[in-house]
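Let us take a walk through this structure together. Have the sequence and the 3D view at hand as you read.

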Amino acid sequence: MRIFDPHVHMTSRTTDDYRRMYDAGVRAVVEPAFWLGQPRTNVGSFLDYFDALLGWEPYRAAQHGIRHHCALALNPKEANDPRCAPVLAELPRYLLKDSVVAVGEVGYDAMTPEEERAFEVQLALAQENDLPVLVHTPHRDKAAGTRRTLDVVRAAGTPAGRVLVDHLNELTVGMVADSGCWMGFSIYPDTKMDPGRMVTLLKEYGTDRMLVNSAADWGRSDPLKTREVADAMLAAGFGEDDVDQVLWRNPAAFYGQSGRLDLSSGSEAGSDYAGNTIKRG
């Protein structure tokens, strides 16, 4: 079984997580830029973070046989902080990098005017750089936020097929399915979606344009939730081809629109680790 986690924040995870993911079948990930928990106070901290997503994290993943790509953006939560907004002027040079396969996460947190402005600016940057877009839907008032998201995407003229609307649930999947955008689902231990609910939605909506991710980060989350969904699909009567479509071919097709996705085999797991040291390039 091969698994592509299309939304996971490996900066927050340990090397043990990489090893467990590899053993579970994960061979590729996309890491979107997000809020780190501790508020950033200047643009420089964003640039250091972007540099890590472009250099250090792909190297770290490769030591465990996993291909790492990223999506870069000013995330919705920090779009409200005037100290962070100037990073929008720095993004264009970063969006040219080879391992950047999307603009994201963009969208809404509290649905403020500042968030909407940043959303619109970054939708334009995605079109200028011929990149797909990963959209974060708000955790509060999710239905209204998802409807507004789709309105902004349409108004921007962004083709629906180049937009992945994430963190969906039973209340929001229908409107996104009807829009033509790709549908993303985050599987969590306590919140968001779980494997059983995900299988129910797959039975109702099918496997086209459906992506499943762990969205694992510094909070209570689990980077093996993608494998749990795969196992739950098989137990519910889905075939191996269905699992491969949802857990591999769909994310490969979506991010492949960037023209930069490289899914060739990574390094052998753990090949450059020795005790607590790492061979540095």
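The paragraphs below go from the sheet to the helices, then to the cores and a few single residues.

A word on the ground rules: this is a predicted model, in which local features need pLDDT of at least 70 and side-chain atom pairs count only at pLDDT 80 or more, while totals for chains, interfaces and linings use all residues. Residues are numbered from 1 along each chain as its sequence is written, and side-chain values use heavy atoms, with hydrogens and water left out.

Start with the sheet. It is an open one, built from 8 strands in the order S1-S2-S3-S4-S5-S6-S7-S8, with parallel pairing. Strands here are DSSP runs of E with at least two residues, helices are runs of H or I with at least four residues, and both are numbered from the N terminus. Two strands pair if DSSP finds at least two bridges between them. At the edges stand strand S1 (3-5) and strand S8 (210-213); each has a single partner strand, so one side of each is left without a neighbour in the sheet. From one strand to the next, the twist averages 25°.

Now look at strand S6. It pairs with S5 in the parallel sense over 4 bridges, and His136 stands opposite Asp166 in S6. Strand S6 (residues 163-166) also pairs with strand S7 (residues 182-186), again in the parallel sense, over 2 bridges. There, Val165 stands opposite Met183 in S7. In a regular strand the side chains alternate between the two faces of the sheet. In S6, Val163 and Val165 point one way, Leu164 and Asp166 point the other way, and all are buried. Buried means under 20% relative accessible area, exposed means over 50%, and partly exposed lies in between, using a 1.4 Å probe and protein chains only.

Next come the helices. Helix H5 (residues 113-128) lies across strand S4 (100-107) and strand S5 (133-136), running at about 160° to S4. Helix H8 (residues 195-205) lies across S7 and S8, at about 175° to S8. For such angles, axes are lines fitted to C-alpha atoms, for helices over the stretch in contact, and the angles run from 0 to 180 degrees between N-to-C directions.

Helices also meet one another. The axes of H8 and H9 come within 9 Å and cross at roughly 55°, which makes H8 oblique to H9. Angles under 35 degrees count as roughly parallel, over 145 as roughly antiparallel, 65 to 115 as roughly perpendicular and the rest as oblique. Pro195, Met198, Val199 and Leu202 of H8 make the contact with Glu228, Val229, Ala232 and Met233 of H9; contact means heavy atoms within 4.5 Å. Helix H9 (residues 225-235) and helix H10 (residues 240-256) also have axes that come within 9 Å, crossing at roughly 155°. That makes H9 roughly antiparallel to H10. The residues in contact are Thr226, Ala230, Met233 and Leu234 of H9 and Glu240, Asp242, Val243, Val246 and Leu247 of H10.

What holds the interior of the picture? In soluble globular proteins, nonpolar side chains tend to be buried together. A nonpolar core is a set of buried Ala, Val, Leu, Ile, Met, Phe, Trp, Tyr and Cys residues joined through side-chain atoms within 4.5 Å. The largest such core has 71 residues, and Phe50, Leu72, Phe185, Met198 and Met233 have the most contacts inside it. Helix H2 (residues 43-54) gives the most to this core, with 7 residues. Apart from it lies another core of 14 residues, among them Phe4, Trp182, Trp248 and Tyr255.

Met193 lies in the loop between S7 and H8 and counts as buried, at 1% relative accessibility. Leaving aside neighbours within four places in sequence, Met193 is in contact with residues including Glu170, Phe185 and Met198. Met193 and Glu170 are 23 residues apart in sequence, and 9.1 Å apart in space from C-alpha to C-alpha. Thr146 is found in helix H6 (residues 142-156) and is buried, with a relative accessible area of 0%. Beyond its neighbours within four places in sequence, Thr146 is in contact with Thr137, Val165, Leu168, Thr172, Met175 and Val176. Gln245, in helix H10, is buried as well, with a relative accessible area of 14%.
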